Amino acid sequence: MSDLEGFGFVLPHWLYWGWLAVMPLIMMALNRRAEKRKGHLAESHPIMGEVQADEDPIIHTHYKGNALTRLIDWTSEKSGVFVSFWTINAVCFYFYEVIMRYFFNMPTIWVHEASFLLLGMQYLLAGAYTLLEGGHVRVDVMYNLLPERGRVGMDIFTSMFFFIFTLALAGTSWTFFKDSFGMGETTVETWGIQYWPVKGMMLLGSVLIVLAGISKLIKDIALFVRMGREGAQ
C-alpha cells in the first residue's frame, strides 16, 4: 500500500469484492420485506388489490416449462435482480469522487476503475435475465408478419445462431479467465485490482446466457408442438 500513500481513502480490494457480494443480498431482503408489507396492505384494503394490469393472451399460451426450465429461469431472474443493485454502487462511487475532487481537491485513483469494471460485469451477468424477459434486440421486419406459431418457429430456427455465438463467448471467456488467473493479472492503473475475478464474471455470465437459451429453446419447441396439435384438431 506504500504506492497509494497520499491519495486519501483507497477502497481495499477485499472490501470492493465483499461489498459487491453482500450488498445485493441486503437489498433483496429489504425488497422482499417491502413486498410483504405491500401484500399485507392489499389484504387489509381490498380496493388496493383490485387494480391489475391487463393480461397478455399470447403470453399465457406459452409453455410454462418443466423442472429444469423453471430452475434455469429462477436462476436467470435472481442473478439479474442481484446485479441490478450494483448500479447503486456506481452512483455512490461517482458521488464520492465529485465531492472529493471539487470540494477537497483530492481526486481518487480507484472510483473510475471500480465503476467501469462493475458495470462491465453487470452487463454480462444480466444477459440471462434480459433473455428471460425478452429484452434483447431483434429485427422484427419479417417476425411480426408471421402468425404466432410462425414466430415461435422462427425463434427455434434463430436459436442455432444464438448458441454459436454464446458457446464461442463461453469458450473464449474460459481462456481469458484461465490465463488471467494463472498470471495473477492486475489492471495497469494505480489501484491495481486483480483481473481474474472480472473475467470469471464474464465466464459465469456467458454460462448463464447459454442456460437461459436452453430453457427458452425447450419451451419454444414444446409450444410449437402444442400449437400444431391444437391447430390439427
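A salt bridge here is a side-chain nitrogen of Lys or Arg within 4 Å of a carboxyl oxygen of Asp or Glu. With that in hand, let us walk through the structure. It is a predicted model, in which local features need pLDDT of at least 70 and side-chain atom pairs count only at pLDDT 80 or more, while totals for chains, interfaces and linings use all residues. Residues are numbered from 1 along each chain as its sequence is written, and side-chain values use heavy atoms, with hydrogens and water left out.

The score, pLDDT, is the predictor's confidence in each residue, from 0 to 100. Its mean over the chain is 85, and 85% of the residues reach 70 or more. Helices are DSSP runs (H or I, at least four residues), numbered from the N terminus. Confidence is lowest in helix α1 (residues 13-44), with a mean of 86, and highest in helix α2 (residues 67-84), at 94. Take care with residues 48-61, where pLDDT stays under 50; for this stretch the model has 10 contacts (heavy atoms within 4.5 Å) beyond four places in sequence.

Now to the charges. Searching the whole structure turns up five salt bridges. In one of them, D220 pairs with K216, and their closest N and O atoms are 2.8 Å apart. About one helical turn separates D220 and K216, because they are four residues apart in helix α7. K216 also forms a salt bridge with D155, this time with 3.7 Å between the closest N and O atoms. D155 lies in helix α6 (residues 148-183) and K216 in helix α7 (residues 196-232), so this pair ties together parts that are 61 residues apart in sequence.

How accessible are these side chains? Buried means under 20% relative accessible area, exposed over 50%, and partly exposed in between (1.4 Å probe, protein chains only). D155 is buried at 13%, K216 is partly exposed at 29%, and D220 is buried at 9%. Through shared partners, salt bridges join D155, K216 and D220 into one network.

Another salt bridge brings K199 and E185 together, at 3.0 Å from N to O. This pair links distant parts of the chain, with K199 in helix α7 and E185 in the loop between α6 and α7, 14 residues apart. E185 is partly exposed, with a relative accessible area of 22%. The loop between α6 and α7 also holds G184, which counts as partly exposed at 31% relative accessibility. G184 and Y195 are 11 residues apart in sequence, and their C-alpha atoms are 7.7 Å apart in space.

A charge counts as over a ring if NZ of Lys or CZ of Arg is within 6 Å of the ring centre and within 35 degrees of the ring normal. R149 likewise lies over the face of F224, 3.8 Å from the ring centre.

Which rings meet each other? Rings of Phe, Tyr and Trp (its six-membered ring) pair if their centres lie within 6.5 Å; planes under 30 degrees apart count as stacked, over 60 as edge-to-face and the rest as tilted. The structure holds 15 such aromatic pairs. One of them, Y16 with W17, is edge-to-face, at 5.1 Å centre to centre and 70 degrees between the planes. Y16 is buried at 1% relative accessibility, whereas W17 is partly exposed at 23%. Both belong to a cluster in which ring pairs link F9, Y16, W17, F93, Y96, W110 and W191.

Definitions and conventions:
Helix = DSSP H or I, 4+ residues; strand = E, 2+ residues; numbered from the N terminus.
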